[in-house]
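Please find below my notes on the model under review. They are set out as numbered points, to be read alongside the sequence and coordinates.

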Amino acid sequence: MITAIVFVKADVARIPEVAEAIAALDGVSEVYSVTGQIDLIALVRVRNHDDVATVVADQLNKVPGVTDTETHIAFRAYSRHDLESAFSLGLD
C-alpha cells in the first residue's frame, strides 16, 4: 500500500466544497482543513504508484477550486496507532 500526502491550495471561498469533492475521490482516505501556507491535506492510499498519478494528476488536480498541489510519498509509518494495530491480538 502506498500513502501519498497531498498539500492542496484552494480558492478560499470554496474550501468546504473542494474538500468534500476531494474526499469523494476513490483512493482518498482523509481530507483535513489546516492552517498555514496550504488549505487542505489529503491522504491518498493506493496499491501502486500509477494509482497515485491517477488520483492526484488525473482527478484531484482537476477538482474545481484547486489552485495548486504538492505531493509527498510516505516511505514508512511510525505512528503508535499503526504499530499497536499491527501487533494487536484483538483482546481488550
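This is a predicted model: local features need pLDDT of at least 70, side-chain atom pairs count only at pLDDT 80 or more; totals for chains, interfaces and linings use all residues.

1. The hairpin of E2 and E3 has six residues between its strands, and Gly-36 takes a positive phi near 110° there. Strands (E, at least two residues) and helices (H or I, at least four) are DSSP runs, numbered from the N terminus. E2 and E3 pair in the antiparallel sense over five bridges, where pairing requires that DSSP find at least two bridges between two strands. Val-28 has Val-44 in E3 as its bridge partner.

2. Residues are numbered from 1 along each chain as its sequence is written, and side-chain values use heavy atoms, with hydrogens and water left out.

3. As to the overall architecture, the protein chain contains three helices and four strands. Read from the N terminus, these elements follow the order β-α-β-β-α-β-α. The accessible surface of the protein chain is about 6500 Å², and carbon and sulfur atoms account for 53% of that surface; such areas come from the Shrake-Rupley method with a 1.4 Å probe, and for residues only the protein chains shown count as cover. Of the 92 residues in the protein chain, 28% are buried. The burial classes are buried (under 20% relative accessible area), exposed (over 50%) and partly exposed (in between), for a 1.4 Å probe and protein chains only.

4. Contacts (heavy atoms within 4.5 Å) are worth a separate remark. Among the contacts in the protein chain with a separation of 6 or more, 66% link residues 24 or more positions apart.

5. The four strands form an open sheet in the order E2-E3-E1-E4, with antiparallel pairing. Strand E2 (28-33) and strand E4 (66-73) are the edge strands, each pairing on one side only. On average, neighbouring strands of this sheet are turned by 20° against each other, direction ignored. Strand E1 (residues 2-10) pairs with E4 over seven bridges, and E1 also pairs with E3 over seven bridges. Val-8 stands opposite Leu-40 in E3, whereas Phe-7 has Glu-70 in E4 as its bridge partner.

6. Helix H2 (residues 49-59) lies across E1, E2, strand E3 (40-46) and E4, and runs at about 140° to E3. Here axes are lines fitted to C-alpha atoms, for helices over the stretch in contact, and angles run from 0 to 180 degrees between N-to-C directions.

7. Which residues of the largest nonpolar core touch the most other members? They are Ile-22 and Val-44, in a core of 21 residues. A nonpolar core is a set of buried Ala, Val, Leu, Ile, Met, Phe, Trp, Tyr and Cys residues joined through side-chain atoms within 4.5 Å. E1, helix H1 (15-23), E3 and H2 each supply at least two residues of this core, and E1 gives the largest share, five residues.

8. Thr-3 is found in strand E1 and counts as buried because its relative accessible area is 18%. The side chains of Thr-3 and Arg-45 make a polar contact at 3.4 Å. A polar contact is a pair of N or O atoms within 3.5 Å; within protein, one must be able to donate a hydrogen and the other to accept it, and residues adjacent in sequence count only if both atoms are side-chain atoms. Beyond its neighbours within four places in sequence, Thr-3 is in contact with Val-44, Arg-45, His-72, Ile-73 and Ala-74.

9. Asn-61 lies in the loop between H2 and E4 and is partly exposed, at 34% relative accessibility. Its side chain is joined to that of Thr-69 by a polar contact of 2.8 Å. The C-alpha atoms of Asn-61 and Ile-22 are separated by 9.3 Å, although these residues are 39 apart along the chain.

10. Glu-70, in strand E4, is partly exposed, with a relative accessible area of 43%. The side chains of Glu-70 and His-72 are joined by a polar contact of 2.8 Å. Not counting residues up to four places away in sequence, Glu-70 touches Ile-5, Val-6 and Phe-7.
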